[in-house]
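Morning, everyone. One chain today, a few minutes. Please look at the screen.

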Amino acid sequence: MSLITIMPSGKTIEVAEGTTLLAAILAAEVNLTHNCEGNVLCGTCHIFVQEGRKVCQRSLVKKREARFHCRRSSKSRLACQAKVLGTRISRSSY
Ligand code: FES
């Protein structure tokens, strides 16, 4: 299990390994637009992973995700594609 803190709300939740950040954010009852329901078609779930990026880096940015400018910043990810793959604390903002 990993702890995720969602900014700016400051809500912290515990999520299982393999959970997408979108699923974690929605489970925390934080509203994050996700127009294509996680099918990498819209880019509306874009977030910045402020801390614990290494935990998410193992879920690599694939071509479809990179299409949404996720290579401009190492902090930039699509929440529907970034998975929690470790036990460190991550802090996500949008
Ligand atoms: S929900 Fe559309 S790209 Fe993530």
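Start at Cys45. Setting aside neighbours within four places in sequence, Cys45 is in contact with Leu22, Leu32, Thr33, His34, Leu78, Ala79 and Cys80. Contact here means that the C-beta atoms of two residues, placed from the backbone, lie within 7 Å.

Before going on, the ground rules. This is a predicted model: local features need pLDDT of at least 70, side-chain atom pairs count only at pLDDT 80 or more, and totals for chains, interfaces and linings use all residues. Numbering runs from 1 along each chain as its sequence is written.

Now the layout. The chain has three helices and five strands. Those are DSSP runs, numbered from the N terminus: helices are H or I with at least four residues, strands are E with at least two. In sequence order the pattern is β-β-α-β-α-α-β-β. Of the contacts with a separation of 6 or more, 64% join residues 24 or more positions apart.

Next, burial. A residue is buried if 20 or more other C-beta atoms lie within 10 Å of its own, exposed if 12 or fewer, and partly exposed in between; the C-beta atoms are placed from the backbone. Buried residues are 30% of the 94 in the chain.

Which residues touch the most other members of the largest nonpolar core? They are Leu21, Leu22, Ala24, Ile25, Cys45, Leu78 and Ala79, in a core of 16 residues. β1 (2-7), α1 (21-27) and β3 (46-51) each supply at least two residues. The largest share, four residues, comes from α1. By nonpolar core I mean a set of buried Ala, Val, Leu, Ile, Met, Phe, Trp, Tyr and Cys residues joined through C-beta atoms within 7 Å.

Arg77 is in β4, residues 76-78. Its C-alpha is 8.4 Å from that of Cys45, at 32 residues apart in sequence. Is Arg77 buried or exposed? Arg77 counts as buried, because it has 27 C-beta neighbours inside 10 Å.

Last, the backbone. Most residues other than glycine have a negative phi, and most peptide bonds are trans. Here are some exceptions. Met7 and Pro8 are joined by a cis peptide bond, omega about 10 degrees. Pro8 sits in the loop between β1 and β2 (11-15). Glu29 has a positive phi, near 60 degrees. Val40 has a positive phi too, near 55 degrees. Glu29 lies in the loop between α1 and β3, and Val40 lies in the loop between α1 and β3. Glu29 counts as exposed, because it has 10 C-beta neighbours inside 10 Å. Val40, with 16, counts as partly exposed.
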